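Reader: I am new to this structure and would like to learn how its features are read, one at a time. Could you take me through them with care?

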Amino acid sequence: MFTEAQLYSPVTRSGDGDVMVHLSDEHPGVHDPDYRARRNAIAALALDYAPGKSLPQIDYTDEEQQVWRIVSAELARKHQKYAATEVLAAAARLDLPSDHIPQLDEVSAALVPLTGFRYVPAAGLVPLREFFGSFADRTFHSTQYIRHHSAPLYTPEPDAIHEIIGHANQIASLRFAAIYEAVGAAVARLTTETALKFLADVFWFSMEFGVVRENGEIRCYGAGLLSSYGEIEEFQHAELRPLDVATMGTAVYDITHYQPILYCAQSISEIEDVIGGFFASMDDDSPHRVLHTAGRM
Ligand SMILES: [Fe+2]
């Protein structure tokens, strides 16, 4: 089931300034008052952040650090077996700490020399235009909370483990970073919600859930797969289809269920050509054009 790390918990701020993260009834931390208070406090720090201010420093608890250590070690093992070579090489250069949760400025300090990307805080869901648009400035909005300690290998939302172990290891590749930047540049040209949604869906099936064939094996490069202990092996059972922007941008998918179809590239170069090339020239009319060319409109 590709249910992990995709649904953000809504964050609200009341008239008197209290910040509340609304966890779903199924969330592992929903009945833990300490965890809920912690989530509210971390979200409040992100909401108070503004460009030019120093990044919020989270004083992570031993429990949170222990979750990071467990997941880091488990995912590192899985990556050796299932991650694309391009990601493994980037991860080796980035060299994220496995013994503590890096603060966002620590992530940026490691990423900037490699690809120029820096991390800024997000309380929860960032509007699509802002989230994807900021890639043009090589900026990535990242949550800072950690999943509940009762289930270290599972999270229903994108926590710091998804943002950092999933995305930062990917963005540490110059080739993937260039695709992110092309996404950001495309957003600046888009005016319609339809086109923005199309962009987000192509991104979903590539940079979040993409796989690539390497030496006869299927390996993952998507951040959603890279950060997901439970699901990283599941793609071996998915139906694999060739890269096709028209289909990827319009596929109806249910993020709460197993993704039965994934899009498999033949090489990183093919991802750059087909996905990167699409983003590089995308405008409001692109969805119509690619569907027309594919004979679907
Ligand atoms: Fe993500």
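Reader: Is His 167 buried or exposed?

Author: In this predicted model, His 167 has a relative accessibility of 1%, and because buried means under 20%, the residue counts as buried. Glu 208, at 8% relative accessibility, counts as buried too.

Reader: Which protein donors does the iron ion have?

Author: The iron ion has His 162 and His 167, each through NE2, and Glu 208 through OE, and these donors lie 2.1 to 2.2 Å from the ion. Along the chain they follow the spacing H-x4-H-x40-E. Distant parts of the chain are linked here, since His 167 belongs to helix H6 (residues 160–171) while Glu 208 belongs to helix H8 (residues 193–208), 41 residues apart.

Reader: How should I read a pair of aromatic rings, and how many pairs are found in the whole structure?

Author: A pair of aromatic rings is described by the distance between the centres and the angle between the planes. A search of the whole structure finds 18 aromatic pairs. In one of them, Tyr 82 and Phe 235, the ring centres are 6.1 Å apart and the planes stand at 85 degrees, so the pair is edge-to-face. Tyr 82 lies in helix H2 (residues 62–82) and Phe 235 in the loop between helix H9 (223–226) and E7, so that this pair links parts of the chain 153 residues apart. Both Tyr 82 and Phe 235 are buried. Phe 117 and Tyr 180 also form an edge-to-face pair, with 5.8 Å from centre to centre and 80 degrees between the planes, and both Phe 117 and Tyr 180 are buried.

Reader: Which residues form one aromatic cluster?

Author: The cluster consists of Phe 117, Tyr 119, Phe 131, Phe 132, Phe 135, Phe 140, Tyr 180 and Phe 203.

Reader: How do strands of a sheet pair, and what order do the four strands of the open sheet have?

Author: Strands of a sheet pair through backbone hydrogen bonds, in either a parallel or an antiparallel way. Here the open sheet has the order E6-E5-E8-E7, and its pairing is mixed. Strand E6 (217–220) and strand E7 (239–242) stand at the edges with a single partner strand each, so one side of each is left without a neighbour in the sheet. From one strand to the next, the twist averages 45 degrees. Strand E5 (residues 211–214) pairs with E6 in the antiparallel sense over four bridges, and the bridge partner of Arg 213 in E6 is Ile 218.

How values were computed
Residues numbered from 1 in each chain as written. Predicted model: local features only at pLDDT ≥ 70, side-chain atom pairs only at ≥ 80, totals over all residues. Heavy atoms only, no water. Pairing = 2+ DSSP bridges. Helix = DSSP H or I, 4+ residues; strand = E, 2+ residues; numbered from the N terminus. Axes fitted to C-alpha atoms, helices over the stretch in contact; angles between N-to-C directions. Donors = N, O, S within 2.8 Å, 3.2 Å for Na, K, Ca; no water. Buried < 20%, exposed > 50% of the residue type's maximum accessible area, 1.4 Å probe, protein only. Phe/Tyr/Trp six-rings, centres within 6.5 Å; stacked < 30°, edge-to-face > 60°.
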